[in-house]
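This report describes one protein model, starting from the contacts of a single residue. Please look at the sequence and the structure before reading on.

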Amino acid sequence: MIVKEYCMYCGECAGVCPHCLIEVHETSIDFNEEGCKDCGICIKVCPVKALAKED
């Protein structure tokens, strides 16, 4: 997962992850990419569009 520099660390992505694979900290986000099912819900809910899938 790519987290762009303008991420606000609001936690919206973590709140919607159906597998609880995202942890948001004050200035960082941790993704458990091994468990990710590529549903894209976290990307869709980001209010500033700061998340993107890696190619």
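Cysteine 13 is in contact (heavy atoms within 4.5 Å) with Ile22, Val24, Ile29, Cys42, Val45 and Leu51, when its neighbours within four places in sequence are left aside. The model is predicted: local features need pLDDT of at least 70 and side-chain atom pairs count only at pLDDT 80 or more, while totals for chains, interfaces and linings use all residues. Residues are numbered from 1 along each chain as its sequence is written, and side-chain values use heavy atoms, with hydrogens and water left out.

**Core**

Cys13 also belongs to the largest nonpolar core, which has 11 residues. A nonpolar core is a set of buried Ala, Val, Leu, Ile, Met, Phe, Trp, Tyr and Cys residues joined through side-chain atoms within 4.5 Å. Buried means under 20% relative accessible area, exposed means over 50%, and partly exposed is in between (1.4 Å probe, protein chains only). In soluble globular proteins, nonpolar side chains tend to be buried together.

**Cysteines and loops**

How many disulfides are there by the distance rule? The count is zero, where a disulfide is a pair of cysteine sulfur atoms within 2.5 Å. For cysteine 10, the closest cysteine sulfur is in cysteine 46, and at 6.1 Å this is too far for a bond. Cysteine 39 is in no disulfide either, as the nearest cysteine sulfur, that of cysteine 42, is 6.2 Å away.

Cysteine 10 lies in the loop between strand E1 (2–3) and helix H1 (12–16). Helices (H or I, at least four residues) and strands (E, at least two) are DSSP runs, numbered from the N terminus. Cysteine 10 and valine 24 are 14 residues apart in sequence, and their C-alpha atoms are 7.7 Å apart in space.

Tyrosine 9 is also in the loop between E1 and H1. Tyrosine 9 has a positive phi of about 55° although it is not a glycine. Cysteine 20, in the loop between H1 and strand E2 (22–24), has a positive phi near 55° and is likewise not a glycine.

| Residue | Relative accessible area | Class |
|---|---|---|
| Tyrosine 9 | 28% | partly exposed |
| Cysteine 10 | 45% | partly exposed |
| Cysteine 20 | 67% | exposed |
| Cysteine 39 | 39% | partly exposed |

On a 1 Å grid over the protein atoms alone, a cavity is a set of points where a 1.4 Å probe fits but cannot get out; a pocket is an open set with protein on both sides within 12 Å along at least five of seven lines, and lining residues have an atom within 4 Å of a point.

A search of the whole structure finds one cavity of 30 Å³ or more. The largest cavity holds about 70 Å³ of space, a volume being the space filled by probe spheres set on the points, which are joined across faces, edges and corners. Among the residues lining this cavity are Tyr9, Cys10, Cys13, Val24 and Cys46.

The largest pocket has a volume of about 290 Å³. Of its 20 lining residues, the closest to the centre are Met1, Phe31, Cys36, Asp38 and Cys42. Helix H2 (residues 41–45) gives the largest share of this lining, three residues.
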